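Here are a few notes from going through this one. Have the model open while you read.

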Amino acid sequence: QVRLVESGGGLVQAGESLRLSCATSAQIASRYVMAWFRQAPGKERAIVAIISWSGDNTFYADSVKGRFTISRDNAKNTVYLQMNSLKLEDTAVYYCAADSQYYGIGDEYDYWGQGTQVTVSS
C-alpha cells in the first residue's frame, strides 16, 4: 500500500529554517520520483522541488533555488525538504508527491500526502 505522510511543518520567523520529512513506503523509496509541492493562501498548488528515484537528479523552482534542498534516504523510506532562509511568501501547505515515472512540474503525480502547514512570520 502506497502511503505518504508529511511532517515537520510549523511556525517560524523569516530567515529561519525548517526541515520537512515525508515518510514513504518501501515501494516508493525503491524507484519512485518524489516531489514537494506547496499551496499558498489564495494560490494554486505549485512545484517546489523534484528528486529522481536515485537522488542523482533534482529540480527546484526558481523561487526556492539556493534556499531549499530536496534529498532522500531510501533506506529510511524518507524524502526531505530542507528549507533555509525562509520568507513570508514561503507560507503554504506543503505536500509530498510520488510517481513511478513522472518527473515534472505539473500535478500529474499518482500519490500525494495529506500536507503539512508551514507558516513564516515577520
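**Salt bridges and their surroundings**

1. Aspartate 107 is partly exposed, at 40% relative accessibility (buried is under 20% relative accessible area, exposed over 50%, partly exposed in between, with a 1.4 Å probe and protein chains only). Its side chain meets that of arginine 45 in a salt bridge, 3.7 Å from N to O (a side-chain nitrogen of Lys or Arg within 4 Å of a carboxyl oxygen of Asp or Glu). Arginine 45 is partly exposed too, with a relative accessible area of 29%.

2. A word on the ground rules: this is a predicted model, where local features need pLDDT of at least 70 and side-chain atom pairs count only at pLDDT 80 or more, while totals for chains, interfaces and linings use all residues. Residues are numbered from 1 along each chain as its sequence is written, and side-chain values use heavy atoms, leaving out hydrogens and water.

3. How many salt bridges are there by this rule? The count is three. One of them pairs arginine 38 with aspartate 90 at 2.8 Å, N to O, and both of these residues are buried.

4. Aspartate 90 also meets arginine 67 in a salt bridge, at 2.7 Å, N to O. Arginine 67 is buried, as is aspartate 90. Through shared partners, Arg38, Arg67 and Asp90 are joined into one network.

5. Which residues line the largest cavity? Among them are Thr24, Ile28, Met34, Arg72 and Asp73 (lining residues have an atom within 4 Å of a point on a 1 Å grid over the protein atoms alone, and a cavity is a set of such points where a 1.4 Å probe fits but cannot get out).

Note on methods: On a 1 Å grid over the protein atoms alone, a cavity is a set of points where a 1.4 Å probe fits but cannot get out, and a pocket is an open set with protein on both sides within 12 Å along at least five of seven lines; lining residues have an atom within 4 Å of a point.
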